[in-house]
Amino acid sequence: LSRDMDEFPGGWHYHKHNKDYMMKVVKEEVSPIIFHMSWTKNKENKIKFYQQMGQWYTKDACIANTKSDIMADHDTTEGDPLFDTCCMTEPNIVCHYRDKPSKIPCRDVGPIDKGRPSFW
């Protein structure tokens, strides 16, 4: 697989300011099958970047918690309580950094990389 395939982008596309490609993702002109956030420093930033891109469907209460902690107060006899408890049908879009690609303009937040202009 090539890092230049539209279906399997990664952190290289996101961080190396491949703006033309990232704008296509934002405008839904291309639909990646998997977006691997490689080239990213840590899990916390990966989550922020996915949130900013409209690719995050996990409720905050389920981040960094074990299944037993999440399910402690839920009835586990019906349906899929973990899915119902943790998954959202719409993405949780949150602006974190103006200089990173985003589903919506994030002009009112600071950059993560000093001196970088807004993605928008």
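Is E28 buried or exposed? In this predicted model, E28 is exposed, with a relative accessible area of 57%, and its side chain takes part in one of the 3 salt bridges that a search of the whole structure finds.

The partner of E28 in this salt bridge is K103, and the closest N and O atoms of the two residues are 2.7 Å apart. Because E28 lies in the loop between helix 2 (19-26) and helix 3 (43-52), whereas K103 belongs to the segment after helix 5 (81-86), the pair ties together parts that are 75 residues apart in sequence. K103 is partly exposed, its relative accessible area being 24%.

A further salt bridge joins E44 to K48, with a separation of 3.4 Å between the closest N and O atoms. Both E44 and K48 are found in helix 3, where they stand 4 residues apart, which corresponds to about one turn of the helix. E44 counts as exposed, at 52% relative accessibility, a value that passes the cut-off for this class, namely over 50%.

The side chains of K100 and D113 also meet in a salt bridge, with an N to O distance of 3.2 Å. K100 and D113 both lie in the segment after helix 5, 13 residues apart, and the pair links distant parts of the chain. K100 counts as buried because its relative accessibility is 3% and buried means under 20%, whereas D113 is partly exposed, with a relative accessible area of 29%.

Key: Residues are numbered from 1 along each chain as its sequence is written. This is a predicted model: local features need pLDDT of at least 70, side-chain atom pairs count only at pLDDT 80 or more; totals for chains, interfaces and linings use all residues. Side-chain values use heavy atoms; hydrogens and water are left out. A salt bridge is a side-chain nitrogen of Lys or Arg within 4 Å of a carboxyl oxygen of Asp or Glu. Helices (H or I, at least four residues) and strands (E, at least two) are DSSP runs, numbered from the N terminus. Buried means under 20% relative accessible area, exposed over 50%, partly exposed in between (1.4 Å probe, protein chains only).
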